[in-house]
Amino acid sequence: MGFAESFKALSDPVRRDILEMLKKGRMSAGDIGSNFDMTGATISYHLNILKKAGLVKETKQKNFVFYELNVSVVEEVMLWLAGLREVSEEMER
């Protein structure tokens, strides 16, 4: 996981919406897709970008694929952003 992949993944509103849904708990790809007016292939594309960025984890159970937040990567990005804020506040003083 690199920050470039994370920020690319976060740049799209659909992917941000998916992350918002997953903060309530794991969901199947079908359940995620039912919240959007787009094809399954398009949802799969967005989920793959989130997966490559390390923001979500995938678990397969029988015929279903479930997705959940990868909290450690989300926290890493948040810590980095918080560090930028601290530097900015120090410069304002």
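Predicted model: local features only at pLDDT ≥ 70, side-chain atom pairs only at ≥ 80, totals over all residues.
Colleague: OK, and why is Asn70 called buried?

Modeller: Buried means under 20% relative accessible area. Asn70 comes out at 15%, so it counts as buried.

Colleague: What does Asn70 touch, not counting residues up to four places away in sequence?

Modeller: Gly54, Leu55, Val56 and Lys57. There is a polar atom of the Asn70 side chain 3.0 Å from the backbone oxygen of Gly54.

Colleague: Back up a bit. How many helices and strands does the protein chain have?

Modeller: Five helices and three strands. From the N terminus on, they run α-α-β-α-α-β-β-α. The C-alpha trace spans about 55 × 25 × 20 Å along its principal axes, and buried residues make up 31% of the 93 residues.

Colleague: Why is residues 27-28 called a strand?

Modeller: A strand needs at least two residues in a DSSP run, so residues 27-28 qualify as strand 1. Ser28 is found there.

Colleague: Is Ser28 buried or exposed?

Modeller: Buried: its relative accessible area is 7%, which is under the 20% cut-off. Setting aside neighbours within four places in sequence, Ser28 is in contact with Val65 and Phe66. A polar atom of its side chain also lies 3.0 Å from the backbone nitrogen of Asp31.

Colleague: And Asp31, why is that one called partly exposed?

Modeller: Partly exposed covers the range between buried, under 20%, and exposed, over 50%. Asp31 has 43%, so it falls in between. You'll find Asp31 in helix 3 (residues 29-33).

Colleague: What makes strand 2 and strand 3 a pair?

Modeller: Pairing takes at least two bridges, and six join strand 2 (residues 56-61) to strand 3 (residues 64-69), so they pair. They run antiparallel. Among the bridge partners, Thr59 goes with Phe66 and Lys57 goes with Glu68.

Colleague: What is the order of the strands in the sheet?

Modeller: It's an open sheet of three strands with the order 1-3-2 and antiparallel pairing. Strand 1 and strand 2 are the edge strands, each pairing on one side only.

Colleague: What sits between strand 2 and strand 3?

Modeller: Two residues, and the strands form a hairpin around them. Lys62 is in that loop. It has a positive phi of about 55° although it is not a glycine.

Colleague: How do you know that Lys62 is exposed?

Modeller: Exposed means over 50%. Lys62 has 86% relative accessibility, so it counts as exposed.

Colleague: Which residues have the most contacts inside the largest nonpolar core?

Modeller: Ile18, Leu22, Ile32, Phe36, Leu50 and Leu55, out of 18 residues in that core. Helix 2 (13-22) and helix 4 (40-52) each supply at least two residues of this core. The largest share, five residues, comes from helix 2.

Colleague: Last one. Why is the largest pocket called a pocket rather than a cavity?

Modeller: In a cavity the probe fits but cannot get out, whereas a pocket is an open set of points, so the name tells you this one is open. Its volume is about 210 Å³. Residues lining it include Leu10, Arg16, Leu55, Leu69 and Val74. Helix 2 and helix 5 (71-92) each supply at least two residues of the lining, and the largest share, four residues, comes from helix 5.

Notes:
Residues numbered from 1 in each chain as written. Heavy atoms only, no water. Buried < 20%, exposed > 50% of the residue type's maximum accessible area, 1.4 Å probe, protein only. Polar contact = N/O pair within 3.5 Å; in protein donor to acceptor, adjacent residues only side chain to side chain. Contact = heavy atoms within 4.5 Å. Core = buried A, V, L, I, M, F, W, Y, C linked by side-chain atoms within 4.5 Å. 1 Å grid on protein atoms, 1.4 Å probe; cavity = no way out; pocket = protein on both sides within 12 Å on 5 of 7 lines; lining within 4 Å. Points joined across faces, edges and corners; volume = space filled by probe spheres on them.
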